[in-house]
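Hello,

Here is the structure I promised to hand over. Have a look at it first, and then read on for my notes.

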Amino acid sequence: MSRSTELVFRRFRLKVLEGPERGLTRDSDEPELVIGSAPGTHLTLTDPTVSRHHCAITATAEGFLLRDLDSKNGTTMAGYRVRSAYLKAGTVLGVGETSLRFEHLDEEVRQPLSHEERYGRALGQSAAMRRVFALLPRIAGSASTVLIEGETGTGKGLVAEAIHQSSPRAGGPFVVVDCSAIPPNLIEAELFGHVKGAFTGAVASRPGAFEAARGGTVFLDEIGELPLDMQPKLLRALEERIVKRIGSLDPVPLDMRVVAATHRDLRKEVNRGRFRADLFYRLNVVRIRIPPLRERIEDIPLLVAHFYEQLVTDGDPSPPAELLQALAQQDWPGNVRELRAAVERAVLLGDAAPWRDGADDEGGAPDSAAPPAPEDAFDPALSFRAAKEKATSRWERAYLRGLLRAHGGNLSAAARAARMDRSHLHELLRRHDLSAREE
C-alpha cells in the first residue's frame, strides 16, 4: 500500500473582535498558531492582560485543539475558562480582555514527508515522524541553535545526535550535558570549566563542556531544569560566544553549536516565571517537537521489530504476532523508552504479553500493594539482591503512577497523601521517568 508523501492540514483564521487590534486577522500557515504578547508569536497582541505565550491552536487528526499555555488571565470559551478544547467554526475565544473569532478556511497547506523510515538512529514510518525526518536535513546543515521538545522517552537525544552526525560539525565532539542530573552548585563548572583552586575540590584545572565541544556540538539535555540564576550566564555565553572558567578572568572563545532539549513546554515555563524569556528566544531559533508514541501508534510494529532483533541472540529474530498485538494495545506513557523495556522483558522472560506497571487487565489503577506474580519472583539469572531491587522498582513505579492518577498529577497533593517530602517524591518520579503537574 502506498504511503502519503505529504502532510495535509486545513487552514484556519482568527479575527480580533474586541481589543487594541480590533479588526486584525491572522491565517494559519503551520499546523500550530501561537497567540500572545511576545514578539515572534504568530498573532501578537498588545493587550496588557495577554501573557507572552498565551495559548496555541493546533491542527490535529481529531480537529483544531486549543490549549492554554498557563496564561496569567486565562483563555475562555462562552465565558468559561478552559485549559484545552476542540474548536468549531464561529467559536469566540477570550484571550485576556481580547475577543477572537475562530473560522475554518477552504484551503489546505501541504508539507512534504520524508520517504525514509529513519534518520540516524531515530525510527518511524508514521506521518508525524516522517515530517520530522523531512525537516532534519535542512536543520542539520545550518549553524542555528535547535530546541527539541517532547515527552520523556520520545527519543530527543537520538534526534540531537542525528543532527550532529549529519552536520558540517560531524567530525567534532558531541558533548552531552544533562541539566537535570547535575547539582545546581556544580552546573556552572560543568558548562564553563574551572581553574585549579577555584573552589573546594578543584584540585586541577578542567575545561567545561563548551570548551570540550570545540568544533562540534553541545547537547543541553533537559534545559528546562537549568536553575534560574544560571540562565543569564548561559544566555551571555551564547550571545558573546565566550566563557570564563570559574576562578579565571581570561575569556575563552567558543566554537560549537548548541542543541537543547526539554520535556517541558518552555512557553509555559516562561509564563510561570521559571524560565527566562530572553533565553527562550535565544534557544528557540529552530524548534522541533518529537511526538509521543500515542500519536504515532503505527510506529509500534517497526520499533518492536527493531528492538526484538537487537535483543534476541538465538532463534527467530522476528517478534511473535501475539507480542505485537499485546504491545499495540497499550498507551505507553513512557513512550519509546518504555516500549523498549517491555520488549526486553518479553525477550528475557519469554512472555508474549508482558505485564506493564500502572495498569491491570481491565485498564484500571494498579493494586500498589500487590506483590509480583509467583512466576516473576524467581529469575535464575539474578541474585537475591538484584531480584529484590527489580521487584521493588516495579512496585515503586506502580505505586507512584497510582498516586499521581489519584491526585490528578498534583505533586504537592500527592506528597501529602503519601506522607513524604515533596522533593523526595520529585526524585522518585524522576528516577522512574514519570511526570507530575508541579503545583
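The chain has an average pLDDT of 87, and 89% of its residues score at least 70; pLDDT is the predictor's confidence in each residue, on a scale from 0 to 100. This is a predicted model, so local features need pLDDT of at least 70 and side-chain atom pairs count only at pLDDT 80 or more, while totals for chains, interfaces and linings use all residues. Residues are numbered from 1 along each chain as its sequence is written, and side-chain values use heavy atoms, leaving out hydrogens and water.

One stretch needs care: over residues 355-375 pLDDT stays under 50, and the model has 28 contacts beyond four places in sequence for them (contact means heavy atoms within 4.5 Å). Where pLDDT is low, the predicted coordinates should not be read in detail.

Now to the cores. A nonpolar core is a set of buried Ala, Val, Leu, Ile, Met, Phe, Trp, Tyr and Cys residues joined through side-chain atoms within 4.5 Å; buried means under 20% relative accessible area, exposed over 50% and partly exposed in between, with a 1.4 Å probe and protein chains only. The largest one has 33 residues, and Phe 210, Leu 220 and Ile 223 have the most contacts inside it. Among the elements giving two or more residues to this core are strand E15 (174-178), helix H4 (209-212) and helix H5 (231-240); helices (H or I, at least four residues) and strands (E, at least two) are DSSP runs numbered from the N terminus. Beyond its neighbours within four places in sequence, Phe 210 touches residues including Leu 191, Val 218 and Met 256. A second, separate core of 23 residues includes Val 50 and Leu 93.

Next, helix H1 (residues 127-141). Its 15 residues should span 21 Å at 1.5 Å a residue, which agrees with the 22 Å between its end C-alpha atoms; the expected span is 1.5 Å times one less than the number of residues. H1 bends by about 30 degrees at Leu 135, and Pro 137 follows within four residues; the bend is the angle between axes fitted to the seven residues ending there and the seven starting there. Among the buried residues of H1 are Met 129, Arg 130 and Phe 133.

Lastly, Phe 12, Phe 64 and Phe 102 form one aromatic cluster. At 1% relative accessibility, Phe 12 counts as buried, and Phe 102 is buried at 0%.

Enjoy exploring!

Conventions. Phe/Tyr/Trp six-rings, centres within 6.5 Å; stacked < 30°, edge-to-face > 60°.
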